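Colleague: I am new to this one. Can you walk me through a few of its features?

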Amino acid sequence: MHLKNSAARIVFCFTIIFSFCSEIFSQPVSNFNILKYEINVDMFNCFIKPFPHSFSANETVTVVPLSQLGQVTLNAVNRSLSIDSVSSAGISFIHENNILTVNLDKLYDTGETFDIRIYYRHNDIKDSALYVREGMLYTDCESAGARKWFPCNDVPSDKAMLSLTAKVPSNVLLASNGLLSDSTVRGDTIIYSWVSNFPIATYLMAIAAKVKYNLDVVNWVRPDGENMQIRLYWQNGETGFNIANIKKKIGKILDLYSKLYGAYPFEKLALATTNKDFPWGGMENQTLITLCPDCWTEDLVSHEIAHQWFGDLITPMTWADIWLNEGFATFNEAIWLESQYGYPDYKSYIAREAEKYLSRNPGWAIYEKSWNVSEPNDSVLFNVDITYSKAGCLLHLLRYVLGDSVFFSSMDAYATNPDFKYGNISTPEFVNFISRVSGRNLEWFFDEWVYNPNHPVYQNNYHIESIGSGKWKVDYTINQIQKNTGFFKMPVELKIYFTDKMDTVVKVNNDYNFQTFTFEFDTEPRKVSFDPFNQIVLKQIK
């Protein structure tokens, strides 16, 4: 997900806080996994004046118990969804407090797969998950919106296969996750069938549809030589130059990320613009990225495509791990710039993100353990300064600590590891894995930058003196004065300038506070610069 602007962010946050908190935070404890959702929706009337939000649907949910199971509890927001009946293994239900409890026809043992069929309707209300306006319909589910348009186990850790069949007017183009397996026209109606070949988290399941959508198809040749479709859904009135630029660049973005992080992991890629109701800049729905209207920009598109690896292929275990989505996507905006324009542009981008954090730091850690069980509201979860800017800069700091070779080989190992691909990862698992594959114990790094809040504030000093025989001594003392967090151990570069207009850079490990480093030179030093290349971007100097 990419934020659009601060004004939209504020409006969205108030909506979440004051209208929908009870819908978002109620979450049953599951003793089952969902293997597949088969969703059939009749959205025909949503595209006909007066463009209601109501539709009828049924879904078949394939379930596997983790322990003996006599009922299944799913998320289904009462305000949004009305449940009509259940069948197959479901014999009765209760729908209250945004939870759908389905009683089963028998006790099912661990590993004994069964289906529940649910017949339901979406009510004619606006709910910040299903958006309908004047011939356009789309969904937007992060973090807890999927439960507003279909009953589901709405947690990022329970990824499932998806097939979606949708009935709409024949002049509507409709996109969803995966591949289009069929589209059948019957008079004034078209029925689309989309099927995903890979598991998806519920917050990444999506629909985007519009009367008279424009569709451009770009053929991209994967690194293995296979062809893949990139589908661009756009609207009349959008800037043709921007769309043309993305059509030219999108294959290069995929080439770059495939080279760095392993082959593009899905069967297709599509991007679709939305309308003024969309609260974000973009949303990384698996194989169907949604964008704000006319938002065909390289930074946004590169951000959302990076999510196909970091967020979609490897999904956070819980919302406490969201920085592994947004930090990586933000960082890779800078990596895209570096690939096109060079390291200075990368560094300028990282410095801008650091300044966002430093000027507006709200004071909490990137990782909050309590979010594993009690999700905060979205204004906290998707705080731009922590979850995006600081987390993105954190990866630059890790690159600095490890060096390019070890850093990028570790990131490739992470993104291609079979234990995580098409599954989930927690922050502790990530820390352990990166420490192992890099050959470095990085617990200290993540302790200070991820698990603790804030950043170092340096108030350093140095002393230059002649020690005779044409030699000079420099004593440099590194002093951190922050009082709102602990000490930040870091490798530090010092640049010494000499009176003969020469200079040298030394690198030291700052392991404790008030640490003094002593250097001797044959030429008279005239000054010392701390972190001259601004590698420790998350810092202040007094």
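Modeller: Gladly. The expected span of a helix is 1.5 Å times one less than its number of residues. Keep in mind that this is a predicted model.

Colleague: What span does helix α4 reach from its first C-alpha to its last?

Modeller: Helix α4 covers residues 298–309, twelve residues. At 1.5 Å a residue, 16 Å is expected. The model comes close to that, at 17 Å.

Colleague: How many residues of α4 are buried?

Modeller: Buried means under 20% relative accessible area. Among the α4 residues that qualify are E298, H303 and W309. The helix is mostly covered, and of its twelve residues the buried ones number eleven.

Colleague: Which parts does the pair of F310 and F328 tie together?

Modeller: The two rings are stacked, 4.5 Å centre to centre with 25° between the planes. Both F310 and F328 are buried. The pair ties together parts 18 residues apart in sequence, because F310 lies in the loop between α4 and β21 and F328 in helix α5.

Colleague: Is the pair of Y343 and Y346 stacked or tilted?

Modeller: Both residues sit in helix α6, three residues apart, so about one helical turn separates them. Y343 is partly exposed at 35% relative accessible area, whereas Y346 is buried at 0%. Their ring centres lie 5.2 Å apart, and with 35° between the planes the pair is tilted.

Colleague: Which residue lies over the face of W444?

Modeller: Look for a lysine over a ring, as with K527 over the face of Y497, 4.8 Å from the ring centre. For W444 the distance from the ring centre is 4.9 Å, and the residue is K489.

Key
Residues numbered from 1 in each chain as written. Predicted model: local features only at pLDDT ≥ 70, side-chain atom pairs only at ≥ 80, totals over all residues. Heavy atoms only, no water. Helix = DSSP H or I, 4+ residues; strand = E, 2+ residues; numbered from the N terminus. Buried < 20%, exposed > 50% of the residue type's maximum accessible area, 1.4 Å probe, protein only. Phe/Tyr/Trp six-rings, centres within 6.5 Å; stacked < 30°, edge-to-face > 60°. Lys NZ or Arg CZ within 6 Å of the ring centre and 35° of its normal.
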